[in-house]
Each structure stands twice: as structure tokens, then as C-alpha cells.
Amino acid sequence: MSAIEQHPAVNLFPPLQPPRRYLFGPGPSMVHPRVYEALSKPIVGHLDPYFIQVMGDVQQLLKMAFGTRDGATLVISGTGSAGMEAAVANFVESETKFAVFANGYFSDRLTEMGKRHGANVVRFEKPWGETFTDDEAREFIGREKPKVVAYVHAETSTGALQSGKAICAAAHDAGALVIADCVTSLGGVPVEFDRTGIDVAYSCTQKGLSCPPGLSPMAMSPRAMEWLRGRTTPSRSWYLDLKLIHDYSTVSHRYHHTAPISMFYALREALLVIAEEGIDSRWERHRRSHHYFVKGIEAAGLRMHVPEAHRIATLNTVCVPKGVGEAKVRKRLLDDPGIEIAGGFGPLAGKVFRIGVMGPLATEDNVQFFLNEFSKALKCDG
């Protein structure tokens, strides 16, 4: 066969035609049409002045999303777990006393990363779905006197929202730095980075920002930046070294790695969509959609897993009714009309549905569409 002949295997691979899905799961969420359009734009080099400007635009727009004026923002080329790893690798050194508020899967992941970086990890554990009171936070931190504290603001595995103000205040009183996991909150729920007192926050692009997965936005307080500059030992992760990434993206623009150009285009557009809507208006839209969702769920005789005061507006955990197979319900929804939701895992396996209402789907009409189809699927399996 000549070099110019078509390889026979080509006929085995038809053109991409992904199925139409309504992404009501915990992530990824639906992508805004303008973001898809941005992804189609021609790429430039990762050191091109145009791309440097795009990175700068993204950093400025992220200040709005995180709720910071003085904090430094940057973007990790990797998913939200890369942001988590970057936070741990750069601020948790060997033998560092690392205190973790543990009440779900992603606090367990923080724990594992801390251990792998040689930290002395201490945990305050609660059942999945519960949160920590202000007094509990102060007592734990005052007793342990850690150097770094971590908590999950919006726990994807449980649907629980954890206030960080008391945690941050107690940590700062103890001279500790605070890491907050904002993967499921950024863009849909107020993070309030400055007001809360967070030192290091990381997130992702595929949930509240309505963008494809692939990047991890981060914010660091002036205190965290001073801490980072004063570190005398290099980060164990070269790729996730925040000193090098900050220098590349903000200061000298010297080559560090080849950034995913198209994903930065997408994130810039997603943040512009949010800015045009208004960040306060976006949070309010998600709050209204969440309340409408809960009202419909309770009217159907179903229960929410998390108490009302601690629910994440963008991610709902609905208790699976007795006698219902959650996997069968999810399959029925996916088969027709193409709705994706997720089940629970870990201690919540088979006990909850995890249902995201975020981004373009966070409207009353879309929520009603989901509730109608969800009711049909439950009746078919009940």
C-alpha cells in the first residue's frame, strides 16, 4: 500500500457525534455557546504577546469570581485536583503539621496528598454531609496549633457547604495558613476570598464557571505570597511550582510549560459571560434555582441529605427513596431524555442522588424540566 493511500482502519472510526446530554450532574456542567466559540479560535504560541495578554485578562477576571482585590490569581494547567496538589505541594513541607477538616471525599484527598508530601496530618472528622461549627473549629485549631489548615468549602461528594470564617480567624490567630477547596463553589456560590480570610484557594473550570475541564484557577493572599517567597526549600513538584508558574504568568513571562492556549481562551470567555451577567446576579440566579429545585423535591415527598442552612446552591444531594435503585433511575434518565446525574459513593453509595443545577441550566424552566423527568424515572423504578 502506498504512503498516500488511506489506512483501512480509518473506516472504523466515524466522525465524532457526541450524544446530546443535559448535564445535571456534579460536573462537568453545560458549556456556554460563547465558550465553545472561543475554543474554535486560532491558537498562538504560549509566549506570544497576545497569549500573555489573555492570561492577564483571566487573572483580572478571576479576582471578581473569587472575591479578592489584593490577592494574586493565576491558573494551573490541569484540572481541579492539580490545583489541590499545587496548594499542598507549595505550602505543606515535610513534617509540617497539617490540619484537615474531614467530612467528605475531597478532604480525604487533601489528607492523602498531605501524607505523600511528608506532612504530619491531623484530622477533625465528621460524617459525610455534616459541617463544623465555629466553636468546633476554634477548639480544634487552638488545640492542635497547626502550621497549615485545609477545609473544603463546597464538598462535591456530599452537597455540604462549609463556612470558613471561623476556621480562617482561628488559623490566623495560631499563625497558620488556610487552604480552601472551592472546586464546586467558584462561579455559582460566593467564595468571598478576602472577607473570609482565605490564604490559598483553588477551583476548576467545569462546574460553576460553565467551561470545559482542564484548568484550575487559584487565588493567593498577600500573606500566602509572602510565605511562598520565603520558602527556602523548593517544591517537590516542579510542574506545580507556584513560584515558577507565577513568574511565567505574571512577572517575567519566561517559559515554564506549554499552556493549553484554547482552554485559556475558553476560560476568558466564560469569565466575561459571568462579568456581563454580574457576579451578584449570577449567585442570586443559582440561589433561586436551588430553592425552586428543593421545593419541587420536597413536594414530591423526597428528602434532602444536607440540612437547609448548609446546602450548596449548585449541587443537591437527594436521598434515595426506600425500594428505589438509584443506578436504575440514573440509567433511565440517561437513556431518555439524556439527563446525566450522579449517585453517591463512599459512605453515601446507593443512598443519594447528586444533582447539579448550575450555569445555563440554573433557570426555573430547566429545573422544572428536570423535576418532571426525574419524577417519571422514579415512578418507573418504584
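Tutor: Axes here are lines fitted to C-alpha atoms, for helices over the stretch in contact, and angles run from 0 to 180 degrees between N-to-C directions. Please bear in mind that this is a predicted model.

Student: At what angle do α3 and α4 pack, and how far apart are their axes?

Tutor: Helix α3 (residues 80-91) packs against helix α4 (residues 105-116) at about 45°, and the axes are 10 Å apart. The two helices are therefore oblique to each other.

Student: Is the crossing of α3 and α4 left-handed or right-handed?

Tutor: The crossing in which α3 passes α4 is right-handed. On the α3 side the contact is made by S81, M84, E85 and V88, and on the α4 side by F106, R109, L110, M113 and G114. By class, this contact has five nonpolar, two polar and two charged residues.

Student: What about α5 and α6, at what angle do they cross?

Tutor: Helix α5 (residues 134-144) and helix α6 (residues 165-173) cross at roughly 25°, with axes that come within 8 Å. That makes α5 and α6 roughly parallel, because angles under 35 degrees count as such. α5 passes α6 in a right-handed crossing.

Student: Which residues meet there?

Tutor: From α5, D134, A137, R138 and I141 meet A166, I167, A170 and A171 of α6. Six residues of this contact are nonpolar and two are charged, with no polar residue.

Student: Which residues line the largest one?

Tutor: Its lining consists of M55, Q59, V75, S77, I245, Y248, S249, H257, A259 and F264. Two or more of these residues come from each of α2 (49-66) and α9 (242-251). α9 gives the most, with three residues.

Student: And how does that lining divide by class?

Tutor: The lining of the largest cavity has six nonpolar and four polar residues, and no charged residue.

Student: Which residues line the second largest cavity?

Tutor: F132, T133, D134, A137, Q162, S163, G164, K165, A166 and I167 line the second largest cavity. α5 and α6 each supply at least two residues of that lining, and α6 gives the most, with three. D134, A137, A166 and I167 in this lining also take part in the contact of α5 with α6.

Student: How does the lining of the second largest cavity divide by class?

Tutor: Four of its residues are nonpolar, four are polar and two are charged.

Student: Now the open sites. What volume does the largest pocket have?

Tutor: The largest pocket has a volume of about 580 Å³. Its lining comprises 32 residues, and L161, V189, P190, A309 and R311 lie nearest the centre.

Student: Which helix gives the largest share of that lining?

Tutor: Helix α11 (residues 279-299) does, with eight residues. By class, the lining of the largest pocket has 13 nonpolar, ten polar and nine charged residues.

Student: What is there to say about the second largest pocket?

Tutor: The second largest pocket has a volume of about 280 Å³. It is lined by 14 residues, with R20, L23, M30, V31 and Y36 nearest its centre. This lining divides into ten nonpolar, two polar and two charged residues.

Student: One last topic, the backbone. Where are cis peptide bonds found?

Tutor: One runs from G27 to P28, with omega near 5°. P28 lies in the loop between β1 (22-23) and α1 (33-39). Another cis peptide bond joins D336 and P337, where omega is about 20°. The loop that holds P337 is between α12 (326-335) and β12 (339-340).

Student: What is the phi of K145, and where is K145 placed?

Tutor: Phi of K145 is near 50°, a positive value in a residue other than glycine. K145 is in the loop between α5 and β5 (148-152). Most residues other than glycine have a negative phi.

Technical notes: Residues are numbered from 1 along each chain as its sequence is written. This is a predicted model: local features need pLDDT of at least 70, side-chain atom pairs count only at pLDDT 80 or more; totals for chains, interfaces and linings use all residues. Side-chain values use heavy atoms; hydrogens and water are left out. Helices (H or I, at least four residues) and strands (E, at least two) are DSSP runs, numbered from the N terminus. Angles under 35 degrees count as roughly parallel, over 145 as roughly antiparallel, 65 to 115 as roughly perpendicular and the rest as oblique. A crossing is left-handed if the near helix is turned anticlockwise from the far one by less than a right angle, and right-handed if clockwise. Contact means heavy atoms within 4.5 Å. Ala, Val, Leu, Ile, Met, Phe, Trp, Tyr, Cys and Pro count as nonpolar, Asp, Glu, Lys and Arg as charged, and the others, Gly among them, as polar. On a 1 Å grid over the protein atoms alone, a cavity is a set of points where a 1.4 Å probe fits but cannot get out, and a pocket is an open set with protein on both sides within 12 Å along at least five of seven lines; lining residues have an atom within 4 Å of a point. Grid points are joined across faces, edges and corners, and a volume is the space filled by probe spheres set on the points.
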